[in-house]
Amino acid sequence: MLDFLGLPEGYNERDLETAILREMEHFLLELGVGFTFVARQKRITVGSDDFYLDLLFYHRHMRRLVAVELKLEKFQPAHKGQMELYLRWLDKYDRTPGEESPIGLILCADANAEQVELMDVNNANIRVAEYLSHIPDMKLMQAQLHRAVTLARERVEKGLPPHVS
């Protein structure tokens with residue numbers, strides 16, 4: 001939930017990034033215990049091309065870098081390729097002895113679960129998560145929860161796990 005950022009209508013990625021940095025303490029608490037801030041717009045140079053990773057954190061307990069890409073749009077397959085490039089670069093040039101391989105988090109406005117599953121992001125050390133810039137209508141939340149419970153029950157009745165990993 002990123003509603004605590006107080007973003008105005010029509011914000012862009014830079015506004016989102018600035019608001020996160022302004023509220024870094026709150027954002028780190030939302031992420032969980034052990035995160036430390038490393039960089040904003042981390043420059044990654046590959047050949048003659050420069051790329052910029054939105055946010056870079058280090059997780060003390062996992063002993064690894066955590067790359068975060070912010071997307072205003074829904075998840076796109078190209079986002080996985082972009083994150084894979086960043087993770088491989090971080091693994092090759094920024095990883096220090098004793099650290100685990102970096103992991104990536106793509107925070108996007110929307111994500112199609114089947115598309116994310118077909119992209120096999122978990123095996124690439126990437127997670128995709130949707131963010132909410134405001135708390136949705138209670139009736140909508142109840143309807144989505146009811147739908148999720150119904151789908152989980154149907155999967156269990158068919159002998160499948162309650163959710164798709």
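**Figure 1. Helix H5 and the residue that follows.** Helix H5 comprises 20 residues, 138–157, which at 1.5 Å a residue should span 28 Å; the C-alpha atoms at its ends are 29 Å apart, and this agrees with the expectation. The view, like those below, is taken from a predicted model. After H5 comes Gly159, with a positive phi near 85°.

**Figure 2. Overview of the protein chain.** The chain contains five helices and five strands. Read from the N terminus, these elements follow the order α-α-β-β-β-α-β-α-β-α. Of the 165 residues, 32% are buried. When contacts between residues at least 6 apart in sequence are considered, 52% of them join residues at least 24 apart. The accessible surface amounts to about 10,400 Å², and carbon and sulfur atoms account for 52% of this area.

Figure 3. Although Glu99 is buried, it forms no salt bridge. The nearest side chain of opposite charge is that of Arg95, at a distance of 5.7 Å; a salt bridge would require a side-chain nitrogen of Lys or Arg within 4 Å of a carboxyl oxygen of Asp or Glu. The side chain of Glu99 does make a polar contact of 3.0 Å with the side chain of Thr96. Residues up to four places away in sequence being set aside, Glu99 touches Tyr58, Arg63, Leu65 and Asp94.

**Figure 4. Lys42 and its contacts.** Lys42 belongs to strand E1, which covers residues 35–46. The side chains of Lys42 and Asp94 are joined by a polar contact of 3.2 Å. Apart from neighbours within four places in sequence, the residues in contact with Lys42 are Phe51, Tyr52, Leu53, Leu56, Trp89, Leu90 and Asp94. Asp94 is also among the residues touched by Glu99.

**Figure 5. Gln41 in strand E1.** Gln41 is part of strand E1. Its phi is positive, near 50°, and the residue is not a glycine. The relative accessibility of Gln41 is 22%, so this residue counts as partly exposed; the limit for a buried residue is under 20%.

Figure 6. Asn125 lies between helix H4 (113–118) and strand E5 (126–130), in the loop that links them. Asn125 is another residue other than glycine with a positive phi, here about 60°. With a relative accessible area of 29%, Asn125 is partly exposed.

Methods: Residues are numbered from 1 along each chain as its sequence is written. This is a predicted model: local features need pLDDT of at least 70, side-chain atom pairs count only at pLDDT 80 or more; totals for chains, interfaces and linings use all residues. Side-chain values use heavy atoms; hydrogens and water are left out. Helices (H or I, at least four residues) and strands (E, at least two) are DSSP runs, numbered from the N terminus. Buried means under 20% relative accessible area, exposed over 50%, partly exposed in between (1.4 Å probe, protein chains only). Contact means heavy atoms within 4.5 Å. Accessible areas come from the Shrake-Rupley method with a 1.4 Å probe; for residues, only the protein chains shown count as cover. Lys and Arg count as positive and Asp and Glu as negative; His and the chain ends are not counted. A polar contact is a pair of N or O atoms within 3.5 Å; within protein, one must be able to donate a hydrogen and the other to accept it, and residues adjacent in sequence count only if both atoms are side-chain atoms. The expected span of a helix is 1.5 Å times one less than its number of residues.
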